[in-house]
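Subject: A structure for you to look at

Dear colleague,

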Amino acid sequence: MKEPKYHIYMTDKERLAIIKSLISLKNYLISQGKYTDVVDELILKILKAQQKNLKIIYK
């Protein structure tokens, strides 16, 4: 069975905030001596995600 795909629409500022928070989480986990594999995968997914320019029309 296929897993459903989800789309998240965010601005550049929101994307940057997410990346910064994931990096700080990774640094915290490193200081605690824990594994950071999952956080690394999330950072890579966000960095490699395709960006689209959408035109929003308000009615």
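This is a predicted model: local features need pLDDT of at least 70, side-chain atom pairs count only at pLDDT 80 or more; totals for chains, interfaces and linings use all residues.

Once its neighbours within four places in sequence are left aside, Thr36 is in contact with Lys26, Leu29 and Ile30.

Helix H1 covers residues 12-32 and helix H2 covers residues 37-48, and their axes come within 10 Å of each other and cross at roughly 160°. Because angles over 145 degrees count as roughly antiparallel, H1 and H2 are described as roughly antiparallel to each other. The crossing that H1 and H2 make is left-handed.

Which residues of H1 and H2 meet? On the H1 side they are Arg15, Ile18, Ile19, Leu22, Ile23, Leu25, Lys26 and Leu29, while on the H2 side they are Val39, Asp40, Leu42, Ile43, Ile46 and Leu47. Sorted by class, this contact of H1 with H2 has 11 nonpolar and three charged residues, and no polar ones.

The largest nonpolar core consists of six residues, namely Ile19, Leu22, Leu29, Val39, Ile43 and Ile46. H1 and H2 each supply at least two residues of this core.

Ile19, which is found in helix H1, has a relative accessible area of 12% and is buried. Not counting residues up to four places away in sequence, Ile19 touches Ile46 and Leu47. Although Ile19 and Ile46 are 27 residues apart in sequence, they are 7.6 Å apart in space, C-alpha to C-alpha. Ile46, counted in that way, touches Arg15, Ile18, Ile19 and Leu22.

Finally, please look at Met10, whose place is in the segment before H1. Is Met10 buried, exposed or partly exposed? Its relative accessibility is 31%, so Met10 counts as partly exposed. Leaving aside neighbours within four places in sequence, Met10 is in contact with Arg15 and Ile18. Met10 and Gln51 are 41 residues apart in sequence, yet from C-alpha to C-alpha they are 9.4 Å apart in space.

With best wishes

Note on methods:
Residues are numbered from 1 along each chain as its sequence is written. Side-chain values use heavy atoms; hydrogens and water are left out. Axes are lines fitted to C-alpha atoms, for helices over the stretch in contact, and angles run from 0 to 180 degrees between N-to-C directions. Helices (H or I, at least four residues) and strands (E, at least two) are DSSP runs, numbered from the N terminus. Angles under 35 degrees count as roughly parallel, over 145 as roughly antiparallel, 65 to 115 as roughly perpendicular and the rest as oblique. A crossing is left-handed if the near helix is turned anticlockwise from the far one by less than a right angle, and right-handed if clockwise. Contact means heavy atoms within 4.5 Å. Ala, Val, Leu, Ile, Met, Phe, Trp, Tyr, Cys and Pro count as nonpolar, Asp, Glu, Lys and Arg as charged, and the others, Gly among them, as polar. A nonpolar core is a set of buried Ala, Val, Leu, Ile, Met, Phe, Trp, Tyr and Cys residues joined through side-chain atoms within 4.5 Å. Buried means under 20% relative accessible area, exposed over 50%, partly exposed in between (1.4 Å probe, protein chains only).
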